[in-house]
Amino acid sequence: MKNKTYFPIILTIPVVIFLLALLIYPLIYTFTLAFYDEASDNFIPFSLNVFNNLIQEERFLKNVYHTIFLTFFSTSISFLLGIILAYCLDQIKIARSFFLVILISPLAIMPVVSALTWRTMFNPLYGILNSILKFFGFEGMEWVTDTSSALTWITVVDIWQWTPFCLLLIYAGLKTIPVDIKESASIDGINSFKELIYISLPILFNLLLITLIFRFMEAFKAFDSIMVITQGGPGNATETMVIRSYYTAFRWYKPEITSVIGIFILIFTILCTRWAGTKIGEQEN
Amino acid sequence: MFLKKILAGFISLIFISSGVFSADLSNYTNANMDWKQFEGESVTVLLSKHPWQEQIEPLIPEFEELTGIDVKLKLLPENQYLTKVPADMEAGTFKFDVFMTQLYEAPKFCGEKWLADLEPLINDPSVTDPNWYKYNDFFAGARDVAVIGNTYLSHIAITAESQVLVYRKDILDELGISVPSTMDELLAAATKITESGKAYGITTRGGPAIWWPGLGYLASYGGEYLDSNLDIAINSPESIAGADFYVKLAQQAPPGVTNFDWDEINTAMLSGQAAMFLDSSVIYPRLQDASISEVVGKVGVAPFPTGPKGAKPNSHYWTVSMNEATENKKAAWLFLQWATSPDMQARLALAGILGPRTSSWEVDGLSEQLGDEFLDAAKKSLGGAVIPRVTPGFFERVDIFRAEMQEAILGNKDAESAMNATADAWSKL
Amino acid sequence: MKYLNINKIICYFILIISSIFFILPILWMFLQSFKNAKDTIAIPPKIFFSPTFSNYLKVLKNDYFWEATFDSVIVSLMSVSVALAIGIPFAYALARFNFRGKNEIAHFILSTKMLPGIVIAIPLVQTFNYINLLDTHIGVSIAHILLMLAVIVWVMRAFLQNLPIDLEEAALLDGASRLRIIWSVILPIARPGIVTVTALSFLFSWNDLFFGLTLGSFDVVPLPIYLTTEYIGYLAVNWGELSAAGLLSTFPIIIIVILLRDNLIRGLSLGAIKG
């Protein structure tokens, strides 16, 4: 069985070489920028000054709060909506592909273009959303131009953009569940919703976890839509960590802050996904 | 990629037929220098989307015919432009020879030696005919901008714009309001118009670029961002009074003003939703374009209104610079010189792009083209205009100002505490 | 039987409500794409107007639109095929074998997805400059592989874990080589998964703005950069043509969705093999 030990290594090597070649320098660069300090007395000249200054800043704490708000609500809502819609699609027979195409169509539109469209739709003066509200006799809203509601609507746009991602993966997963499992469930008198909760979803546990991880990471990194719609405003109401790191890198020439935020995001997301990643690893044994 | 060109050309052949180009170059060939000395070489140019770019882009084949230099042009919208240039500069891979610059970034760009010193080229008779290029024809303000931050000659101005008051004649007439000439009259007029329900009183930028019109109000109340020693002056009583005025004025703007950028303030005017506009003069020719404007023939222009400390609108000069890493600086200079020459700026002025040269305001036919009313207003405003003092970290400062102003406009705090908070944050930079 | 009907009615109700939400911006783009310049910025917004096809014609007549489409197609085809070629074997190794360090490598790949492009843009540009791949299709493709590799590896790993192992064991007893098993046994049954990750990877590449902007200049201008450059002016957005071009550029995606749908149905019948 000697080939059995070498074989997985052969399958692994291309990926590892590719990633190392591409990322080794950017990673070293990022860490150096973030922690290198000539004035330091340590044997290796590094310090946590940039990091310490950053976490004491009120604005950065707000950035973290906005990021967590956006990530939490966007991830959980679009994930649940993805499951519900996948289930509904799986249940119906008529017009299934019609609904599938409509529901995943936001994925097809380039984020920059759809974000620009949302931006005009939100405009309180000439946006279509306020026109619709007024048509039905409601008051117009401020949408993304008010500090108290801006982040909520940014979250809605993110949900709009990424629910199709969840839907697509979960729906594809549901389709791999053998028909006979569902049939035997319905013979046993279990209704289809219970069948989803107790049979299908547990079978798809790994896939669901992965969908959740990727959804989580995309929400954490949301950039295009915020940059186009509000640029982080009004006030700093929609400034997330990624938006802040964009400004520090390209507008304010403080790349060390960008690096620190990048590492912060990296560590935070690794901690958050570690449990899930290990869980998936355990499943196969 | 060659294959790509053929393929794309083939596909669009179904739709398109192209014309043959030829132009009169005598205004350029009369310069006492050899335009053809770099024939066969190429110059790479990166431009941000801008009216100046729109007008000069179709003229570039003339330059290619004049010099035999091949121009490779790349365009980007402003937001992407402001990402690409710093990213490539920081990485040391910026490969364009000539590109548009903003004077606010001069401390960083010159400090890092990213921009070439143009003075030796201007003084080199083999590539510049001083009697033809006439550097002193540039406004004194534009020549100050060229060496801004007491550095070296690196930014050649291409446009001169300042805040002017654009207003709807029909609405003001109907409500019996005379054209505002002071800040108080402006606020009263805006309030009256909004209350009449005919239109919103004013449209103004409340989004990312709020600092640009903002300085005009502050300055007219005697305030400024930084004083002559570069100390923080944003929370001086005068500055607070100016900011307070701006906050009050913004209440007469359409809802959503805190997200208003160029596109939004233009749309509000073009569609007839706002009655007054106090921002860059660049908008005026657009309002007369019947294919996009609902208000053709209904708009008037007046100089910037006077505040307690005079009429001091903000102004802006877009500039072009040369990359320090350019291999053939002389060839790149030929392009830069052609693009900023008196004849070119005169031609662009006729197309509505007011130039930073004295001569470009005295072109034959200019007043027929743009109207004396507009020219006078623009000239008067530019005459009293101010320009922000630039320091490293300029954009970080104005971003803090933006956030605080937006809070004030939304009524979350008053102008005084917003400006104090701005000063406080600035002092920590 | 009565229960089933109520269940279906609820399902249809949910689907219709969500469809309205998901289609609304696209519907708005669709309307905008048929308006002339004045109508696109009219206040209040116009639902009824005399439609014009000139926006679509202008986009289709534009040489550079086709060049950008060509760039996008080349870049996404190259990046997706390479990413699948190195990602699926690795996913298979993760799903079927135990070897030292496998979880560490898997986690490392996941973390590549977490590092925002903004943070590594500058050193990445330097790396590409060093190996002379700036402004080339290969260069942008390599960067796009970064966007999709983690998704391919982790999603395929989960899909492969759900597949029955019996078929492979049978093939192994028949004396087939391991690589041959991946090719002729695993790939066919894993098709729904592969098609899904292919479609998603294609989307990641097709819609990416950031790497195309920082790594390309003259020779590579993918569609997202071209669309925003061409139709967002300094003074205003050209809504009619931007919407038209935005909708036209979804055609490749629509084709892929149609392919995906067929394969999902095929996957359904293959799923029955397990029993």
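Arg119(A) forms a salt bridge with Glu264(B), with 2.7 Å between the closest N and O atoms. The model is predicted: local features need pLDDT of at least 70, side-chain atom pairs count only at pLDDT 80 or more, and totals for chains, interfaces and linings use all residues. Residues are numbered from 1 along each chain as its sequence is written, chains are lettered from A and ligands numbered from 1 in the order in which they are written, and side-chain values use heavy atoms, with hydrogens and water left out.

**Exercise 1.** Describe the interface of chain A and chain B.

*Solution.* 
- Step 1: take the residues in contact (heavy atoms within 4.5 Å). Chain A gives 25 residues and chain B gives 34 residues.
- Step 2: take the buried area, the accessible area (1.4 Å probe) that two parts lose on being put together, summed over both. Here that is about 2,600 Å², with 51% on carbon and sulfur atoms.
- Step 3: look for salt bridges (a side-chain nitrogen of Lys or Arg within 4 Å of a carboxyl oxygen of Asp or Glu). The rule finds 3 across this interface.
- Step 4: sort the side of chain A that touches chain B by class. That side has 10 nonpolar, 8 polar and 7 charged residues. Ala, Val, Leu, Ile, Met, Phe, Trp, Tyr, Cys and Pro count as nonpolar, Asp, Glu, Lys and Arg as charged, and the others, Gly among them, as polar.

**Exercise 2.** Describe the contact of chain C and chain A.

*Solution.* 
- Step 1: count residues. Chain C supplies 101 residues and chain A supplies 108 residues.
- Step 2: find the area. The two chains bury about 9,300 Å² between them, 81% of it on carbon and sulfur atoms. Within chain C, Phe22(C), Met114(C) and Ile118(C) lose the most area to chain A, together 8% of what that side buries.
- Step 3: look for charge pairs. The count is 1 salt bridge. Lys113(C) and Glu218(A) meet in a salt bridge through their side chains (3.0 Å, N to O).
- Step 4: sort by class. The side of chain C that touches chain A has 74 nonpolar, 20 polar and 7 charged residues.

**Exercise 3.** Which domains does the assignment give for chain B, and how far apart are their C-alpha centres?

*Solution.* 
- Step 1: read the bounds, which come from an automatic or database domain assignment. Domain 1 of chain B is 33-160 + 317-361, and domain 2 is 161-315 + 386-427.
- Step 2: take the centres. The C-alpha centres of these domains lie 30 Å apart.
- Step 3: count residues. Domain 1 of chain B and domain 2 of chain B each put 14 residues into the contact.
- Step 4: find the area. The two domains bury about 1,100 Å² between them, 72% of it on carbon and sulfur atoms.
- Step 5: look for salt bridges. The count between the two domains is 0.
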